[in-house]
Amino acid sequence: VPPSSPSLPDGFELSTDPGRLDRAWVHRYLSEDSYWARGRARTTQDRAIDGSTSFGIYRAGSGAQVGYARLVTDGATFGWLCDVFVDASTRGAGLGKALVAAVTAHADDLGLGKVMLGTGDAHDLYASFGWQPLAEPATWMSRPLRGAPTT
Ligand SMILES: CC(C)(COP(=O)(O)OP(=O)(O)OC[C@H]1O[C@@H](n2cnc3c(N)ncnc32)[C@H](O)[C@@H]1OP(=O)(O)O)[C@@H](O)C(=O)NCCC(=O)NCCS
């Protein structure tokens, strides 16, 4: 089954221009409301943004940001999709699917051989764009940080 490619709902724009990001808004959601980056420092988030390709969704008129996702990538072999969220006021309208579609298409365009993500409960959202559970989880390793994360 080919992944569906939803278009962006009317009234919104998607951009990878880092200059359009509302970094304070991105950091506020992630550090206060997300289940995976609670307590993350603003300096850490800004470094993460600087080292990633960020995708933002904005209201067409005001330019207010309502969605965010980033791909950490070397641009050639590997990518990590993370920090995906949509403003609570605009959920359920297709913006999350548009975000995942855009990042996935970008990874495909780059020809990345490995792209990964972690999710607590949104597996179905990603599966609809071709993402699959790890086929061989025993071959993967990760290293927990010792000590406190940098700020
Ligand atoms: C997950 C999230 C980004 C989805 O954005 P959205 O704009 O509300 O989603 P969409 O309107 O594009 O629809 C998402 C689709 O994925 C499905 N889905 C699967 N798991 C889901 C989940 N955990 N949360 C939301 N939708 C989910 C929905 O049912 C929907 O499918 P449908 O169109 O067939 O009904 C948004 O709910 C959000 O920001 N949640 C809080 C942060 C979060 O959990 N981020 C993901 C971390 S991996």
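View 1. D50 is exposed, since its relative accessible area comes to 56%. As a guide to the wording, exposed means over 50% relative accessible area, buried means under 20%, and partly exposed is in between (1.4 Å probe, protein chains only). Keep in mind that this is a predicted model, where local features need pLDDT of at least 70, side-chain atom pairs count only at pLDDT 80 or more, and totals for chains, interfaces and linings use all residues. Residues are numbered from 1 along each chain as its sequence is written, and side-chain values use heavy atoms, with hydrogens and water left out.

Now find R23, which is partly exposed at 22% relative accessible area. Its side chain meets that of D50 in a salt bridge, 2.8 Å from N to O. The term salt bridge stands for a side-chain nitrogen of Lys or Arg within 4 Å of a carboxyl oxygen of Asp or Glu. R23 sits in helix α1 (residues 23-33) and D50 in helix α2 (residues 42-50), so this pair ties together parts that are 27 residues apart in sequence. Helices (H or I, at least four residues) and strands (E, at least two) are DSSP runs, numbered from the N terminus.

View 2. How far apart are the closest N and O atoms in the salt bridge of R28 with E32? They are 3.0 Å apart. Both residues belong to helix α1, 4 residues apart, or about one turn of the helix. R28 also forms a salt bridge with D33, with closest N and O atoms 3.1 Å apart. R28 counts as partly exposed at 35% relative accessibility, E32 is partly exposed at 45%, and D33 is partly exposed at 39%. Elsewhere, salt bridges that share partners link R23, R42, D46 and D50 into one network. A search of the whole structure turns up 8 salt bridges.

View 3. Two strands pair if DSSP finds at least two bridges between them. β1 and β2 run antiparallel and are joined by 4 bridges, and E13 stands opposite Y58 in β2.

**View 4. Q65 in strand β3.** Q65 lies in strand β3 (residues 65-73). Is Q65 buried or exposed? At 6% relative accessibility, Q65 counts as buried. Setting aside neighbours within four places in sequence, Q65 is in contact (heavy atoms within 4.5 Å) with several residues, among them R20, W25 and I57. A polar atom of the Q65 side chain lies 2.9 Å from the backbone oxygen of G67. The C-alpha atoms of Q65 and L14 are 9.6 Å apart, although these residues are 51 places apart along the chain.

**View 5. T90 in a loop.** T90 is in the loop between β4 (78-86) and α3 (95-110). With 8% relative accessibility, T90 counts as buried. Not counting residues up to four places away in sequence, T90 touches F12, R59, V66 and L95.

View 6. In soluble globular proteins, nonpolar side chains tend to be buried together. A nonpolar core is a set of buried Ala, Val, Leu, Ile, Met, Phe, Trp, Tyr and Cys residues joined through side-chain atoms within 4.5 Å. The largest one here has 20 residues, and I57, L71, L81 and L99 touch the most other members. β2 (53-59), β3, β4 and α3 each supply at least two of its residues, with the largest share, 7 residues, coming from α3. A second, separate core has 10 residues, including L21, A37, I49 and F85. Back at L71, contacts beyond four places in sequence include F55, W80, V103 and L112.

Key
Polar contact = N/O pair within 3.5 Å; in protein donor to acceptor, adjacent residues only side chain to side chain.
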